[in-house]
Amino acid sequence: MGLIITLLIIWLVLSILGFIIEGLLWLAFIGLVLFAATVVWGWVKRRART
């Protein structure tokens with residue numbers, strides 16, 4: 001669970017940096033996609049445990 005939370009924080013920071021720095025808008029979109037993928041991955045792993 002710690003790995004998933006760490007990845008979520010990293011993707012969130014990258015997304016925020018991408019939105020703040022004009023030339024890095026592509027980074028924001030990549031960060032958002034990775035954030036969503038990590039959320040889905042964590043949800044599937046959590047659901048498989050129960």
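So, how many helices and how many strands does the protein chain have? The answer is two helices and zero strands. Keep in mind, as we go through this, that we're looking at a predicted model.

Let's start with the overall shape. Along its principal axes, the C-alpha trace spans about 45 × 15 × 10 Å. The radius of gyration of the chain is 12 Å, whereas a compact globule of 50 residues would come in near 10 Å.

Now the surface. Of the 50 residues, 20% count as buried. The chain exposes about 3900 Å², and 78% of that is supplied by carbon and sulfur atoms.

Okay, on to the aromatics. If you search the whole structure, you find one aromatic pair. That's F19 with F29, and the arrangement is edge-to-face: the centres are 6.3 Å apart, with 75° between the planes. Why does this pair tie together separate parts of the chain? Well, F19 sits in helix α1, residues 2-20, and F29 sits in helix α2, residues 25-49, so the pair links parts that are 10 residues apart in sequence. And F29 itself is partly exposed, at a relative accessible area of 47%.

One more residue to look at, and that's L3. You'll find L3 in helix α1. Is L3 buried or exposed? It's exposed: its relative accessible area is 54%, and the cut-off for exposed is over 50%. Then check where G42 is: L3 and G42 are 39 residues apart along the chain, and their C-alpha atoms are separated by 9.6 Å.

That's my tour, thanks everyone.

How values were computed
Residues are numbered from 1 along each chain as its sequence is written. This is a predicted model: local features need pLDDT of at least 70, side-chain atom pairs count only at pLDDT 80 or more; totals for chains, interfaces and linings use all residues. Side-chain values use heavy atoms; hydrogens and water are left out. Rings of Phe, Tyr and Trp (its six-membered ring) pair if their centres lie within 6.5 Å; planes under 30 degrees apart count as stacked, over 60 as edge-to-face and the rest as tilted. Helices (H or I, at least four residues) and strands (E, at least two) are DSSP runs, numbered from the N terminus. Buried means under 20% relative accessible area, exposed over 50%, partly exposed in between (1.4 Å probe, protein chains only). The radius of gyration is taken over C-alpha atoms; the globule rule is 2.2 Å times the number of residues to the power 0.38. Accessible areas come from the Shrake-Rupley method with a 1.4 Å probe; for residues, only the protein chains shown count as cover.
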